[in-house]
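User: I'm new to this one. Can you walk me through it once it's on screen?
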Amino acid sequence: MSTLEWVLVIGAILAAITVALSTTAGRLDRLHIRLATAQASLDRQLLDRSTCLRNVATGGVLDPASALAAVDAADAAREAIGKAEQPARETELSEVMRTVFGSAEDVDALWASADETRAGLIADLGDACERVQLAHRFHDDLVARTQRMRRKSVVRWARLAGRAPWPHRIDFDDVPPPHLVARDRPPVGPEVGHAA
Amino acid sequence: MRIGMVCPYSFDVPGGVQNHVLDLSRTLGELGVDVSVLAPAADDDDLPAYVTPAGRALPLRYNGAVARVSFGPLAMARTRRWLRDGNFDVLHVHDPATPSVSLMALSLASGVSIATIHTSIGRSRALAATEPLLRPAMEKLSARITVSREAQRVVAQYQGGDSVIIPNGLYVDDFAGVERRPGGSSAAATVAGDRRDLLFLGRFEEPRKGLPVLLEALPRVVERFPGTRLVVAGAGDPKVGTAMVPPELRPYVEIVGRVSDAERARLLSEADVYIAPNTGGESFGIVLIEAMAAGAPVVASDIRAFADVLEDGRLGALFANEDGGALAATLLTVLDDPRRESRADLARREVKRYDWSVVAPQVVRVYETVLGGGSGT
């Protein structure tokens, strides 16, 4: 091959490597952006869950001791958002909620006895719990995908992740009380419109 | 007279309120009062015959510590049944502002109810939201007992109104019966002249119990008395406790973990000084009374509850709260003072008024008063 041909081949290889690297960098960058969005969304859903629990607690649905325990747990969780103790506080909130609402029969009785306003508050909380579970799942899924991408040799050798921190799962218990989330409820649902 | 007594905290972790409820119930029983106690506990827990379990306790972050309490539908059903079966003349709840069975019993009660308030922390945070939850139950109280001037002040500030003070009780003889043998006066110490035994009691991992303040003061004490030995006894992980102590101080500190009541009495009898550096959140300080009953000289932070119990320094030395330097200075003064044992002797006589034989009848008089009768019931 002539010198010109050599130059052309090497140039083509270099161009291919550059394109490959920049494509990978772009994919990684988009993953990081989606991860940041998922993190923000999870925090928003957690905030929403604590607000809904507070509304239920102060709305006369629960006995006073349970209501007080729920308000305390909700406030503690809210103060911990974005801090190191966040997973522990959210786990405690889930535990407190399951104790406060009790068994599936207790929750069914609650639905049956709640008037329209209160049933609305409980339904909002159930929805919020479900959204927390979804946002939690999406967040951890993106963490796993980002981690897999960043473990690739090419990403590590070319330092494509730059200074972005290594992503971590957020491990907390997000299991809601039984029969609170709409999909868990018996098909009849709450009897709306009957005052307790 | 039938009394229904409610303790909001589980007995599986010892604490001031739990001990108070058990000892008060036992003493009232000896006085011929029929007492039934409701408290968070599992059915298979080992409990005195007069205690009804309200269901498994859940740990709840509360008042700067973790309280084990019961709430939810199961606890509510148990409470309702206990109240119906008990047919009590007086319902006596403890710490009703805690989210647990005390508040439940009070909200369900239809008869005469009174409360003893132990906590010294006002619910300042989120007060606007929680006050309406508490008010209907609190309005049922015919009388409120507080355990100290500090608790009385907090109740007046956050709930308004007045309360009677009946201090926490103690079986004084359990502590007074142990012979006093402080390390600083032992034969070996007289020769060396620098041996001093210091004692810290309490859950050392909790910052508000003040162990860090004491550790800050320790180097100056060690410098003056190289034979100093600090014993740290209380519920907690000894490994965590050791990690709290700077390496250069470790030879002088012994972390023994949780001890029995008898062991505590022995440790107190052997201490040259008992130190209570608690930084706050205390409403009474029963452990100060225990130390005084055992004849141990007391050095305590000047938080209100402690200043009250020590009568502003007459019965023990006080130092500026959270100030390690002030604690070191006070400790050195006390350890150098040969009269510390005679002051401790005065305190030993004064604490007799906290004995259950004095305190329990005061509670009975409250029952008689709210029932509108005299002593003839």
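User: Is Arg149(B) buried, partly exposed or exposed, and why?

Analyst: This is a predicted model. In it, Arg149(B) counts as partly exposed because 16 other C-beta atoms lie within 10 Å, while a buried residue needs 20 or more and an exposed one has 12 or fewer.

User: Where in chain B is Arg149(B)?

Analyst: Arg149(B) belongs to helix 5 of chain B, which covers residues 149-159.

User: What does Arg149(B) touch, leaving out residues up to four places away in sequence?

Analyst: Arg149(B) touches Ile165(B) and Asp308(B) on that count. There is also Phe284(B): it sits 135 residues away along the chain, yet its C-alpha atom is 8.7 Å from that of Arg149(B).

User: Sheets next. What's the strand order in the open sheet of chain B?

Analyst: The open sheet has 7 strands in the order 3-2-1-6-7-8-9, and their pairing is parallel.

User: Which strands are at the edges?

Analyst: Strand 3 (51-53) and strand 9 (164-165) of chain B. Each of these has a single partner strand, so one side of each has no neighbour in the sheet.

User: How many bridges join strand 8 to strand 9 of chain B?

Analyst: Strand 8 (residues 141-146) and strand 9 of chain B are joined by 2 bridges and run parallel. Across that pairing, Ile145(B) has Val164(B) in strand 9 as its bridge partner.

User: Now strand 10 of chain B. Is it mostly covered or open?

Analyst: Strand 10 of chain B, residues 195-201, is mostly covered, with 7 of its 7 residues buried.

User: Which residues point which way from strand 10 of chain B?

Analyst: Arg195(B), Asp197(B), Leu199(B) and Leu201(B) point one way. Arg196(B), Leu198(B) and Phe200(B) point the other way, and all of these residues are buried. As background, side chains in a regular strand alternate between the two faces of the sheet.

User: Which strands pair with strand 10 of chain B?

Analyst: One is strand 11 (residues 227-233) of chain B, paired in the parallel sense over 7 bridges. There Leu201(B) stands opposite Ala233(B). The path from strand 10 to strand 11 of chain B goes through helix 8 (residues 211-224), making a right-handed β-α-β crossover. Strand 13 (residues 273-276) of chain B also pairs with strand 10 in the parallel sense, over 3 bridges. In that pairing Leu199(B) is opposite Tyr274(B).

User: Switching to chain A. How many helices and strands?

Analyst: Chain A has 6 helices and 0 strands.

User: How does its radius of gyration look against a compact globule?

Analyst: Chain A has 25 Å, whereas a compact globule of 196 residues would have a value near 16 Å. Along the principal axes, the C-alpha atoms of chain A fill a box of roughly 95 × 35 × 20 Å. Of the 196 residues, 32% count as buried.

User: What does UniProt have for residues 6-25 of chain A?

Analyst: An unreviewed UniProt entry places a "transmembrane region" there. In the model that span is 100% helix and 0% strand, with its end C-alpha atoms 28 Å apart.

Methods: Residues are numbered from 1 along each chain as its sequence is written. Chains are lettered from A and ligands numbered from 1 in the order in which they are written. This is a predicted model: local features need pLDDT of at least 70, side-chain atom pairs count only at pLDDT 80 or more; totals for chains, interfaces and linings use all residues. UniProt positions are given in the numbering used here, feature names are shortened, and annotations may be inferred rather than shown by experiment. Helices (H or I, at least four residues) and strands (E, at least two) are DSSP runs, numbered from the N terminus. The radius of gyration is taken over C-alpha atoms; the globule rule is 2.2 Å times the number of residues to the power 0.38. Two strands pair if DSSP finds at least two bridges between them. A crossover is right-handed if, with the strands pointing away from the viewer, the path from the first strand over the helix to the second runs clockwise. Two residues are in contact if their C-beta atoms, placed from the backbone, lie within 7 Å.
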